[in-house]
Amino acid sequence: MIHEYEVVIIGGGLAGLRAALQVFDAGVDVAVISKVNPLRSHSVAAQGGMNASLGNVRGPEGSVDTWKNHAYDTVKGSDYLADQDAVEIMCREAPLSVIELEHLGTVWSRLENGKIAQRPFGGAGFPRTCYAADRTGHNALHTLYEQVNHRKIPIYEEFFVTSLIRNQERCTGCTALEFLKGEIHGFIAKAVLMATGGFGRIFNKSTNALINTGDGQALALRAGVPLKDMEFVQFHPTTLYGTNILITEGARGEGGMLLNKRGERFMEKYAPGSLDLAPRDVVARSIEEEIAQKRGFEGDYVQLDLRHIGAERIKERLPGIRQISMDFAGIDPVNDPIPVQPGQHYSMGGIDVDINGQTILPGLYAAGECACISVHGANRLGGNSILETVVFGRLVADKIIEDINDLATPPKKQVEKGIKTSKNHLEKIIQSKGLENQFNIKNMLNKTMSTKFGIFRKEDGMLKGLGDIHKMQEIVSTVSIKNKELELNHALIRLLELQGMLHVAESVAISAIERRESRGSHKRTDFPERNDENFLKHTLVKGEAGNMVVSYSPVQLGMFEPEERVY
Amino acid sequence: MKLKVYRYQEGMEYPEYDSFEVEREPGLTVLGALLQIQEQLDDSLSFRYSCRGAVCGTCAMLINKVPALACRTQIEPLLKGDLQVSLFPYPGAEETVPWDAKKEVLIEPLPHMAVIKDLMVDMDKFFEYYHFIQPVFKPSDINPEKERLMDPQDVKKLEEYTSCILCAACFGACPVEGENPEYLGPAALAKLYRFHIDPREEDTSRLKIADIPPGWWACDSIGNCLRVCPKKVPPIKAINLAREELNEKK
């Protein structure tokens, strides 16, 4: 079955849905493909908020926030690896984007004067983070879903994209497996927007939804498109001990304190200026250091104490956190501190795009966490991720609308070929009679990534890890699945995800090994200092699995000169 | 630990139940156990999942005859009988298979929707009712440049309903839904009420959308919906307030 649209968007989270609205409202024919119902996208789990210099809450000494302050905090937080032109756009567009969501129906938490409330977040000089209790992503995603449905934009849900189509050096569509029926569909489009989110699930102990397997990044690699800055993986300081469900930075924004086994507020040592609200890389490393120095609790965690905030405020501003603590750790933060430990949280790197969201393959665009337009550099500040999705969901859509004006509809031939190739690939998997269990490989991968490419990294460990990834790439081809049906075959989908994850993992590994410095989330114990002379540049990686090539591209400076980060 | 799991595939005359022994882990959830089965015992088992943190609403299913999120429900307390929720009898809660609640956990698909395979149900009917109530914001002013103001007290009232994750647990637990498949159900009505009380809304006739027999008037105020809701959304409160308001106008 072949479908034809002017624009196809892969992914139904905040970036994908925001883009879909923009494209549709410009009178362009658009469809969304998603492997889950869009409401189940990982965007729904964003808790703490969305940064914008609305200036609704005054800063130190009554000062009023500006987009430039926001840009400075973002660039400094990024350890100067963010592209400052992209940061400027994001921060300038931020207030409009929050207000735009408000106009689409999002319910934001409010101040007594009725304006949108703002709370302090890590690495920010102002209370800048607009929020909806601790359900900001949920409120925003449901709003966009309502608007997309109202416009009757077609959504192909529970479709797993299996390949991108190329025709005369343009991306002209994709193929996708309709999960329920086991059929491969072809999609012809003048432009394809990738909005598939992050790849957190290549790691152990991740805050991410189980579906965050980096499918978009893997598709891009296979289509010959480079990934950028893949070594920069964010570890969130506070994930619930046991399940690693996110405990929002908003909890510290509301006054929560981190304590070690001795009851000490240890952030006083590591970031005397910002304490518990230093950027995530700093806080995550501090916790790891406390644990390494045997000042953590047994099982490797510390405590996040909210008790002094008071029951009323906890219930009003952090109701979700309270519920999560009760459901998954059996404690009520009103009475007991929450056991927390760092866990993988966000992918700063992703599909290499220019300032317009365009990849090197004409016709293929990317936005949101799967992309690296580079607003986060080496470390993302809390509150900037869902901001990025709505800002660039809209702006990249505008670029697509502009670009496709004069293009003719691509021919069917390549997509027909693509369908055949995808079918053969699936048949081969189904027929395989190997003995290896794919889930053992996935567990191995998770462990390798967390131990060799976690918060602290070192050359020899990483080389061993890369070797292990290569081995896993080999044995994955000997995997067989017992379920031999094409319809509704979860084992098949999970194997397709795993094949991509191994590819993406290799890109992380190679990028990390080659960056011989410490910057933001990438901490090398063998190269503990930042090295601007050699590494103030983006890493690019492309190629087939087992045969990847690294190159570099310059960072866009302009507004702020790199300086040492002190918090 | 034992799980008794509902199995069904197109072409089968009756569903079957498979028993699986899963490995005990501290804090093991039903979702964790199902993943264990899929990964180690039977990779053909079908169920949906996503966030595993009780925020996305994907994995609602019938656990020991109670609709619940699989990711949020731990097995150990289930076996101890700690998680018992007493519900008014409803289709789906009737005895389907012999099962010893002290030794095993019974896992079945959500009632009131057609089963696609195993624990996966066809959500189309649920979303059809959701669409029916026109869940989209209809503002009074279009595109002003500034945020509209909202009283924080109004926001508080709204939040009772905006926190719905559309998991359909309430829909699956509703005795009325079982008898009257036309009934729009608790989630859709609560959502409609959410838009009705949004002070930014222009459309004051929203309540009328469900002023029909299978709408506001079909509810029997039984309350299973509230008891199973993972987000404590109170549909009955919305339904009663809507009825009062409609009655006042009549």
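Predicted model: local features only at pLDDT ≥ 70, side-chain atom pairs only at ≥ 80, totals over all residues.
Chain B and chain A share 7 salt bridges, each being a side-chain nitrogen of Lys or Arg within 4 Å of a carboxyl oxygen of Asp or Glu. One of them pairs A:Glu102 with B:Arg148, whose closest N and O atoms are 3.3 Å apart.

Residues are numbered from 1 along each chain as its sequence is written, chains are lettered from A and ligands numbered from 1 in the order in which they are written, and side-chain values use heavy atoms, with hydrogens and water left out.

## Extent of the contact

Counting heavy atoms within 4.5 Å as contact, chain B brings 60 residues and chain A brings 59. About 4,800 Å² is buried between them, with carbon and sulfur atoms giving 50%; this is the accessible area (1.4 Å probe) that two parts lose on being put together, summed over both. On the chain B side, B:Asp43, B:Arg52 and B:Glu147 lose the most area to chain A, together 16% of what that side buries.

## A covered strand in chain A

Strands (E, at least two residues) and helices (H or I, at least four) are DSSP runs, numbered from the N terminus. In strand β3 of chain A (residues 30–34), 5 of 5 residues are buried, that is, under 20% relative accessible area (1.4 Å probe, protein chains only). A:Val30, A:Val32 and A:Ser34 lie on one side, and A:Ala31 and A:Ile33 on the other.

Strands pair if DSSP finds at least two bridges between them. β3(A) runs parallel to β2(A) (residues 7–10), joined by 4 bridges, with A:Ile33 as the bridge partner of A:Ile10. Parallel β7(A) (residues 155–157) is joined to β3(A) by 3 bridges, and there A:Ser34 partners A:Glu157.

## A positive phi in a loop

B:Leu166 is not a glycine, yet its phi is positive, near 55 degrees. This residue sits in the loop between α4 (152–162) and α5 (169–173) of chain B, and is buried, with a relative accessible area of 1%.

Definitions and conventions
Buried < 20%, exposed > 50% of the residue type's maximum accessible area, 1.4 Å probe, protein only.
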